[in-house]
Amino acid sequence: MQRIDDLLRSGTTLSFEFFPPKTDEGHAAFTAAFDDLAELRPNFASVTYGALGSTRSQTEALVNELNAQHTFPTMPHLTCIGHTRQELAELITSYRDAGVKNILALAGDPPADGTDAGDFVYADELIALIREIGDFCVGVAAFPELHPRSPSREEDRRRLAAKLELADFGMTQFFFDVDHYARLVEELGELGCDVPLIPGVMPFVSVPGTRRMAAMNGSSIPDDLNARMESVASDPDATRALGIDVAVDLSAALLEQGVPGLHLYTMNRAASVREVTDRLGLRAPA
Ligand code: FAD
């Protein structure tokens with residue numbers, strides 16, 4: 001199986017993110033979307049991990065199934081909050097034994113009710129455990145507009161730079177203004193950190209859903225985009241078309257800056273992502 005750090009060294013990557021479906025209907029939609037986007041020959045795909053391990057077995061089963069079916073690697077996301085060290089070690093060992101080479105190491109979010117959050121609090125502790133267990137390529141999360149729990153910009157960047165130095169690459173939360181990404185790279189550079197940072201781009205399909213996710217993740221919606229969103233909010237086709245336009249413009253600006261890769265959030269739907277890659281003329285090499 002290919003490692004993502006090797007792929008990043010050999011050119012600009014194209015990757016797609018999926019989530020584990022919860023129902024049989026969702027599973028059929030997931031499979032159709034994945035198979036459709038697999039035709040674009042992405043360099044890799046990733047599958048998210050439900051909050052506090054709620055999709056623990058589904059994520060693992062899907063990742064193993066996809067890795068058996070496709071020539072490009074699918075990377076599991078893994079969050080540590082809410083798990084014991086033992087639970088995490090078992091899952092990482094199981095990935096290693098299944099031949100998985102890439103893991104996205106995340107802290108996750110603490111339980112809202114303040115119950116016991118498990119043995120680990122931060123992503124860097126999970127990275128250390130992954131390194132103990134196997135020779136994985138490890139990715140980590142980055143927030144161009146700061147992580148919502150960071151007390152200051154300076155501390156956010158300092159901790160992110162330290163985490164990236166323990167990892168092999170970073171992958172960002174979605175954002176709508178290319179300057180946020182440029183500023184992040186510049187600030188990390190000032191701290192001596194030049195670990196590749198893959199921007200995450202979301203071709204949105206719902207206005208309320210995007211606003212909710214943006215508020216949760218600390219991603220700002222520029223005023224002009226907010227006004228354009230307002231004007232299409234009640235029309236699903238116009239919303240989808242706007243989501244594609246915004247994703248195309250942002251991706252083109254990012255590619256012009258020489259980003260190491262482009263990670264598209266698919267939300268388990270192929271149509272918008274296909275249109276974005278078509279309009280950008282992106283086809284991973286055969
Ligand atoms: P960390 O890197 O641990 O940082 C969290 C906060 O703690 C930051 O403010 C940081 O500055 C601070 N911090 C870090 N280390 C220390 C320390 N030693 N002492 C004090 N403060 C510290 N969530 C899911 O549940 N499932 C997913 O599949 C998932 N996939 C994601 C994919 C991407 C690309 C991104 C960007 C996010 C994803 N998330 C996912 C969300 C993520 O789990 C949450 O944002 C979570 O709140 C933080 O995770 P992290 O790995 O960034 O945390």
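At what angle do H9 and H10 pack, and how far apart are their axes? The angle is about 155°, and the axes lie 8 Å apart. An angle over 145 degrees counts as roughly antiparallel, so H9 is roughly antiparallel to H10. The model behind these values is predicted.

## Helix H9 and its partners

The contact between H9 and H10 draws on residues of both helices. H9 supplies Leu 225, Arg 228, Met 229 and Val 232. H10 supplies Ala 238, Thr 239, Leu 242 and Val 246. The crossing of H9 past H10 is right-handed.

H9 spans residues 223-232. Its buried residues are Leu 225, Met 229 and Val 232. Viewed down the H9 axis, they fall within an arc of 70°, so they line one face of the helix. An α-helix has 3.6 residues a turn, so residues three or four places apart point the same way.

## Helices H3 and H4

H3 covers residues 56-69 and H4 covers residues 85-97. They pack at an angle of about 10°, with axes 11 Å apart. That makes H3 roughly parallel to H4, because angles under 35 degrees count that way.

From H3, the residues that meet H4 are Arg 56, Thr 59, Glu 60, Val 63 and Asn 64. Their counterparts in H4 are Glu 87, Glu 90, Leu 91, Ser 94 and Tyr 95.

Phe 72 sits in the loop between H3 and strand E3 (74-79). Is Phe 72 buried or exposed? Its relative accessibility is 8%. Buried means under 20%, so Phe 72 counts as buried.

Beyond its neighbours within four places in sequence, Phe 72 is in contact with Phe 34, Ala 38, Pro 42, Asn 43, Phe 44, Ala 45 and Asn 67. Ser 15 lies 57 residues away from Phe 72 in sequence. In space, their C-alpha atoms are 9.9 Å apart.

## Leu 106 in strand E4

Leu 106 belongs to strand E4, residues 102-106. With 16% relative accessibility, Leu 106 counts as buried.

Which residues does Leu 106 contact, leaving aside neighbours within four places in sequence? They are His 77, Leu 78, Thr 79, Cys 80, Ala 123, Leu 126 and Ala 141. Leu 106 and Gly 139 are 33 residues apart along the chain. Their C-alpha atoms are separated by 8.7 Å.

## Helix H11 and Arg 274

H11 runs over residues 271-280. Its buried residues are Ser 272, Val 273, Arg 274, Val 276, Thr 277 and Leu 280. They pack against strand E1 (13-18), helix H2 (24-38), H10 and strand E8 (261-265). Gly 281 follows H11, and its phi is positive, near 70°.

Arg 274 lies in H11 and is one of the buried residues there. Which residue's side chain joins that of Arg 274 in a polar contact of 3.0 Å? The partner is Glu 39. Not counting residues up to four places away in sequence, Arg 274 touches Asp 36, Leu 37, Glu 39 and Leu 40.

Note on methods
Residues numbered from 1 in each chain as written. Predicted model: local features only at pLDDT ≥ 70, side-chain atom pairs only at ≥ 80, totals over all residues. Heavy atoms only, no water. Helix = DSSP H or I, 4+ residues; strand = E, 2+ residues; numbered from the N terminus. Polar contact = N/O pair within 3.5 Å; in protein donor to acceptor, adjacent residues only side chain to side chain. Contact = heavy atoms within 4.5 Å. Buried < 20%, exposed > 50% of the residue type's maximum accessible area, 1.4 Å probe, protein only. Arc of directions from axis to C-beta. Axes fitted to C-alpha atoms, helices over the stretch in contact; angles between N-to-C directions. Parallel < 35°, antiparallel > 145°, perpendicular 65-115°, else oblique. Left-handed = near helix turned anticlockwise from the far one by under 90°.
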